Every structure is written in C-alpha cells, then in structure tokens.
Amino acid sequence: MPETRRIYFDNAATSWPKSARVLAAMNAYMTDCGAAAGRGSYRSAQRAGEIIDEVRASIATSIGAESRYCISLHSSGTAALNAAIHGFVRSGDHIVTTAAEHNSVLRPLEFLRKQKQIELTIVPCDDTGLVQTEHVLAAIRPGTRLVAMTHASNVTGAIQPIGEVGGRLRNTDTVLLCDAAQTLGYLPIDVRQLGVDMLASPGHKGAGGPLGTAALYVASSLHDKIVSTIQGGTGFDSDSLDMPDQYPAKLEAGNLNVLGFAGWLAAMEVIGTDQGAELDRLLVVGNKLRQGFANIAGVRVCGREQSLPVVSIVFEKLAPLDAATILDSDYGIETRAGLHCAGLIHGYLGTQDHGTLRISAGNTTTDEDIEAVIQAISEIAAEVAL
C-alpha cells in the first residue's frame, strides 16, 4: 500500500512546515555563533545579543509597540501569560476573564482565586465561542484591575472584540491583557490602536517561528508596576542580589533561547506587510472548511463564518478521538481531538463530554488540502452512518 501524503491541519497547536529561511537561520546560529546572549563581550556573544535585540525590535514593530524595550522574551505563550498575570496582579484584586480562554489564562487565575488572593469573574460566550463586548464591560466594577481576553478562540476561531473592549477601557484604571496566540502573524495588530496594555503570544504559531519562543508586550506606563516572577542571572548587575528594576530584564532571568529566537527573527522578516489581505485569505479558507463540513450529513460545525480557519466539528456517531485516529491512519491527515486546553468554552458549544475534532489551517494550507480533508470527513461520516 503506498504511503499517504502527510496533510497537516493542526496549525492552532503549532504551524508547520517552518520555512527554509527559519531553518537556515537556526542552522547558521548553531554553526557560526552558538554563544549565549548577554553573557560575554567576545564577538559571538555580541552577535547572540544582536539577535535578541533584533527580534525584540521586529516584534515591537509588528504590533505597534512604543519601543523594543516594551518586549520581554519567554519560552512559551504560557510562560509569557503567567509572567503578565503573576507579575501584575496583586492580592485583593478583581479580575475579569472569559469562558473562551485557554488554560494558560484560566489556570493562573484559578490558582490565585483558590489562594484567596483575587476575586474572579468569568464572562460567558455564546454558542459559537464569541464573547459580547457589553458582557465584558458589565462585569467590570470599580477597582477591577485586569481584563484578560483572548484575541481569537483556539477552538472555534471566533475573533473576539478586543478593540471594542480596549477602546472602552482606555484612560481607565483597568488594564487589558490580550492573549494573541492564535492571531499574531495572521491578524493585523496595533496594541495602541486596540487599547491593549499587555499582549502575550508564542512565536511558533501564525508568526512562523520554532517552538520554545514567545513574547510579552507591556506598555511603558506599566513597566514599574510589573514584578519578576522568577529570579536569577541576567548577565549584568551581578553584584546585586535583587533582580534588575528595569523592564524587560526584570522578567528575563536565565539564558534566553537564542537558537529559537534566531529562527523567529527570520520568520518575522517575511511576514506579509499587508496583513489585511492575509486576514481576508484566512477568512476565505475558514469559510471553505466550515461550508464544506456543514454540507456533510451527520456532522455538526461549531462556530460561525468570518472566523479564523480554526474549525471544530463533532460527528453524530463517532467520538472526536476516533475520528482523528482514522484521519491519521487512513488518510494521513493530522488533526486535534479533545478539549484543546480550553475547558470552559465546551459547555457553551455543547461539547463538554468529548470535546471536538479541530481542523486548523495555516499559511501553507492549499486548496488541495482543503478538498482532501472535506472528502475524508465526508467518507468517514458516511461509513459510520451505515
């Protein structure tokens, strides 16, 4: 039996394949440099430092940040979000978040709630995974310190009204933290235009970099309000037992993943300048998938049109995990089954028992790939209906 072509539909977890440019940059760093950043004055160490400086600048430019010094670098989106939440939230604070969030937001907040350090309000979403602006605003009260929202659902692709919420919070004492894991590299992002005070994202999804990379934007007005959550070496002020006071150094204890950031820097250099056009293309891809699955008997599509190409479906007669296994073994199509680290949203989608089968496209997804997965889902649905 001939080997099936590998068709990758798990871009919401991490994008694949990485570009040749990314791989070349990582290979060049390992071959020609290999030094730690900020840990020496010799030339290769200086080059490692330049890579870190350049990736900060590239990320800052891409999101409209005030400067590169508003960007701290981290090992994952989860680490960046934890640095923001644990570094900014104080005992007695009231926090607002939503049912559409990833556990990278929900679990740190639940930890603080159970420790009786914060009061937490979780705003519902609708049955497509969309959060309503007015519900978020209604949950805010005097003294609410933080609103934490995802830019887009990693289960349904629903693009959340970050700009509307940010616009209403502008010039208030409530800070807006945006989880851009599903949107950085896909959607146009301007933090100041959106009214976002902090923004966290991994570098390995839409931004095209390797795993082990992430960034946290913190507005300059908040630099003195965020504290370090881990402590250690920074390569300077080593005579002090205290972490540096300045951002981003205060959040960057330990060696940075220069190898990964060299790859992310290369990826950022080729992200399209017209991200409005890229968003239009992604919406078309998402709608093709949703419409194709909607026409299959025995399959229900979760979500709505005009969302990112992150599509969740459920079969009437087949568990998501079984469907994913069949797709992989019989068709060479790689998808994700389960709750997708976002447990609360499934109560609103009606998928809390087994989760969904998630098909997530990306920049390299072709029309042929789309046709292949729709045909495969159709055949599986027909088979289980017999």
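This is a predicted model: local features need pLDDT of at least 70, side-chain atom pairs count only at pLDDT 80 or more; totals for chains, interfaces and linings use all residues.

User: Great. Let's start with helices: at what angle do H2 and H8 pack?
Analyst: Helix H2 (residues 43–63) and helix H8 (residues 258–268) pack at about 40°, and their axes are 9 Å apart. That angle makes H2 oblique to H8.

User: And is that crossing left-handed or right-handed?
Analyst: H2 passes H8 in a left-handed crossing.

User: Which residues make the contact?
Analyst: On the H2 side there are Ala48, Ile51, Ile52, Glu54, Val55, Ser58, Ile59 and Ser62. H8 brings in Val258, Phe261, Ala262, Trp264, Leu265 and Met268. Sorted by class, the contact of H2 with H8 has eleven nonpolar, two polar and one charged residues.

User: Nice. Which residues touch the most other members in the largest nonpolar core?
Analyst: Ile71, Tyr217 and Trp264 do, in a core of 56 residues. H2 gives the most to this core, with eight residues. As background, nonpolar side chains tend to be buried together in soluble globular proteins.

User: What does Ile71 touch?
Analyst: Leaving out residues up to four places away in sequence, Ile71 touches Arg56, Ile59, Ala60, Ile63 and Ala65, along with Ala215, Leu216, Tyr217, Tyr247, Pro248 and Glu252. Another core, of 26 residues, lies apart from the largest one, and its members include Ile118, Leu120, Ala214 and Leu216.

User: You mentioned Pro248. Which peptide bonds are cis around here?
Analyst: A cis peptide bond joins Tyr247 and Pro248, with omega about 10°. Pro248 sits in the loop between strand E8 (214–218) and H8. There is also a cis bond joining Trp16 and Pro17, where omega is about 0°. Pro17 is in the loop between strand E1 (7–8) and helix H1 (20–32).

User: And which residue has a positive phi of about 65° although it is not a glycine?
Analyst: That's Asn171. Asn171 lies in the loop between helix H6 (162–169) and strand E6 (175–179). With a relative accessible area of 79%, Asn171 is exposed. Cys341 also has a positive phi without being a glycine, at about 55°.

User: Where is Cys341 found?
Analyst: Cys341 is in the loop between strand E12 (336–338) and H11. Its relative accessibility is 38%, so Cys341 counts as partly exposed. For context, most residues other than glycine have a negative phi, and most peptide bonds are trans.

User: Back to helices. How do the axes of H3 and H4 cross?
Analyst: The axes of helix H3 (residues 77–88) and helix H4 (residues 103–114) come within 9 Å and cross at roughly 35°. The crossing of H3 and H4 is right-handed.

User: Which residues are involved in that contact?
Analyst: H3 supplies Thr78, Leu81, Asn82, Ile85 and His86, and H4 supplies Ser104, Val105, Pro108, Leu109, Phe111 and Leu112. The residues of the contact of H3 with H4 divide into seven nonpolar, four polar and no charged.

User: What about H10 and H12?
Analyst: Helix H10 (residues 320–331) and helix H12 (residues 367–385) pack at about 115°, with axes 11 Å apart. H10 and H12 have a right-handed crossing. Ala323, Ile326, Leu327 and Tyr331 in H10 meet Ala376, Ile377, Glu379 and Ile380 in H12. By class, the contact of H10 with H12 has seven nonpolar, no polar and one charged residues.

User: Now single residues. Where is Tyr348, and what does Tyr348 touch?
Analyst: Tyr348 is in helix H11 (residues 345–349). Not counting residues up to four places away in sequence, Tyr348 touches Ala99, Pro124, Cys125, Asp126 and Asp127. Tyr348 counts as partly exposed, at 36% relative accessibility. Tyr348 and Phe236 are 112 residues apart in sequence and 49 Å apart in space, C-alpha to C-alpha.

User: Last one: which strand is Ile122 found in?
Analyst: Ile122 is in strand E4 (residues 118–123). Ile122 is partly exposed, with a relative accessible area of 37%. Ile122 touches Thr97, Thr98, Ala99 and Leu344, not counting residues up to four places away in sequence.

Notes: Residues are numbered from 1 along each chain as its sequence is written. Side-chain values use heavy atoms; hydrogens and water are left out. Axes are lines fitted to C-alpha atoms, for helices over the stretch in contact, and angles run from 0 to 180 degrees between N-to-C directions. Helices (H or I, at least four residues) and strands (E, at least two) are DSSP runs, numbered from the N terminus. Angles under 35 degrees count as roughly parallel, over 145 as roughly antiparallel, 65 to 115 as roughly perpendicular and the rest as oblique. A crossing is left-handed if the near helix is turned anticlockwise from the far one by less than a right angle, and right-handed if clockwise. Contact means heavy atoms within 4.5 Å. Ala, Val, Leu, Ile, Met, Phe, Trp, Tyr, Cys and Pro count as nonpolar, Asp, Glu, Lys and Arg as charged, and the others, Gly among them, as polar. A nonpolar core is a set of buried Ala, Val, Leu, Ile, Met, Phe, Trp, Tyr and Cys residues joined through side-chain atoms within 4.5 Å. Buried means under 20% relative accessible area, exposed over 50%, partly exposed in between (1.4 Å probe, protein chains only).
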